[in-house]
Each structure stands twice: as C-alpha cells, then as structure tokens.
Amino acid sequence: MTSLTDAYIIVVEDDPNALLVTMDLLRLGGSDNCYSRKSTDAALAFAEKLPQVDLFLVDINMPGKSGFELLEAVRESLQLSHAKVVAVTAGTFAEDVQKARDAGFDGFISKPLKTTIFPSQVQRILDGEPVWDWR
C-alpha cells in the first residue's frame with residue numbers, strides 16, 4: 001500500500017487547464033511526487049527516468065498516441081508493468097467506460113474532476129481499490 005504523499009504519479013494530459021486542476025488537487029491532497037507530461041511518448045520517456053511509478057492518470061483522447069496506447073506500453077514494460085493506469089477523461093458514456101474496462105485500465109475518473117473527493121479517489125486506487133466514477 002502506497003500513500004498519496006509517497007506515490008510517484010504521472011499525469012498525462014494535453015489540456016493545460018485540466019492539467020493545472022489535476023496537479024493542484026494532487027498537491028493539495030498531499031502528493032509530493034506528482035509530475036505531468038502532455039503526451040504519451042513524453043510520459044513514457046520520463047517514467048523510465050524515475051525510481052518508480054505507482055500511478056499514471058491519463059487522458060484517453062489526446063493528439064498523437066491515446067491513453068489506450070499508453071496503457072499498452074506500460075503493461076508491456078518490465079520496469080513499469082506494476083504501475084496502475086487510470087483513465088481521467090470527459091468521455092463518460094457507458095460504452096467509453098466499458099471500453100476502458102475491457103482494455104485493462106485500473107480505474108476511470110470522469111472530468112470535470114470532483115474537487116472534494118479526487119484526492120481520496122486517488123488514494124483508494126493506490127490502496128488497490130478499483131474506482132470507476134463516470135457520472
């Protein structure tokens with residue numbers, strides 16, 4: 001079990017406003033090791049330089065490689081395969097959530113983020129609890 005304060009978290013988000021909100025909420029929740037990258041490729045390259053990565057919070061629909069492609073790369077990586085990968089996205093139709101489940105994401109958090117509970121949702125994910133909040 002990893003606490004939010006100790007976890008290494010990479011937020012993968014191309015929208016600057018969504019990125020700012022996500023990072024602020026993580027820091028307010030106590031995260032000392034949260035980092036951000038604007039693309040799948042940049043996130044994966046950065047992740048390989050960290051001592052560990054516990055969690056990727058990834059937007060699904062990004063220019064270039066999608067969150068699904070990041071998930072696939074993480075699962076195939078010997079160094080990163082233990083990391084949890086959670087979709088954080090505005091696509092909140094039931095079929096979007098099912099597609100994320102089928103792909104093997106460890107959770108799903110819809111945008112806009114619920115500011116009062118987002119840090120606790122992340123902690124629950126770090127504790128191994130599945131969080132599928134899409135409404």
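## A buried aspartate and its partners

Asp 59 has a relative accessibility of 7% and counts as buried, because the cut-off for buried is under 20%. The model in which this value was computed is a predicted one. Asp 59 takes part in a salt bridge with Lys 111, and the closest N and O atoms of the two are 3.6 Å apart. This pair links distant parts of the chain, 52 residues apart. Lys 111 sits in the loop between strand E5 (107-110) and helix H5 (118-126), while Asp 59 belongs to the loop between E3 and H3.

## Salt bridges

Side chains of opposite charge can pair when their charged atoms come close. How many salt bridges does a search of the whole structure find? The search finds six.

| Lys or Arg | Asp or Glu | Closest N and O atoms |
|---|---|---|
| Lys 65 | Asp 41 | 3.0 Å |
| Lys 111 | Asp 59 | 3.6 Å |
| Arg 124 | Glu 129 | 2.8 Å |

The pair of Arg 124 and Glu 129 has partly exposed residues on both sides: the relative accessibility of Arg 124 is 32%, and the relative accessible area of Glu 129 is 36%. Elsewhere, salt bridges with shared partners join Glu 13, Asp 59 and Lys 111 into one network.

Lys 65 and Asp 41 form another of the pairs, with a closest N to O separation of 3.0 Å. Lys 65 is partly exposed, at a relative accessible area of 39%. Asp 41 is partly exposed too, at 45%.

## Two helix pairs

Two packed helices are described by the angle between their axes and the distance between the axes. For H2 and H3, the axes come within 10 Å and cross at roughly 25 degrees. Angles under 35 degrees count as roughly parallel, so H2 and H3 are described that way. The crossing of H2 past H3 is right-handed. On the H2 side the contact is made by Thr 40, Ala 43 and Leu 44, and on the H3 side by Leu 70, Ala 73 and Val 74. By class, five of these residues are nonpolar, one is polar and none is charged.

Are helix H1 and H5 roughly parallel or roughly perpendicular to each other? Helix H1 (residues 16-28) packs against H5 at an angle of about 75 degrees, and the axes are 9 Å apart. H1 and H5 are therefore roughly perpendicular. H1 contributes Thr 22, Leu 25 and Leu 26 to the contact, and H5 contributes Phe 118, Pro 119 and Val 122. The contact of H1 with H5 has five nonpolar residues, one polar residue and no charged ones.

Pro 130 is located in the loop between H5 and strand E6 (131-133). With a relative accessible area of 55%, Pro 130 is exposed. Its neighbours within four places in sequence aside, Pro 130 is in contact with Asp 106 and Arg 124. Arg 124 is also the salt-bridge partner of Glu 129. Between the C-alpha atoms of Pro 130 and Thr 40 the separation is 23 Å, and the two residues are 90 residues apart along the chain.

Conventions
Residues numbered from 1 in each chain as written. Predicted model: local features only at pLDDT ≥ 70, side-chain atom pairs only at ≥ 80, totals over all residues. Heavy atoms only, no water. Salt bridge = Lys/Arg side-chain N within 4 Å of Asp/Glu carboxyl O. Buried < 20%, exposed > 50% of the residue type's maximum accessible area, 1.4 Å probe, protein only. Helix = DSSP H or I, 4+ residues; strand = E, 2+ residues; numbered from the N terminus. Axes fitted to C-alpha atoms, helices over the stretch in contact; angles between N-to-C directions. Parallel < 35°, antiparallel > 145°, perpendicular 65-115°, else oblique. Left-handed = near helix turned anticlockwise from the far one by under 90°. Contact = heavy atoms within 4.5 Å. Nonpolar A, V, L, I, M, F, W, Y, C, P; charged D, E, K, R; others polar.
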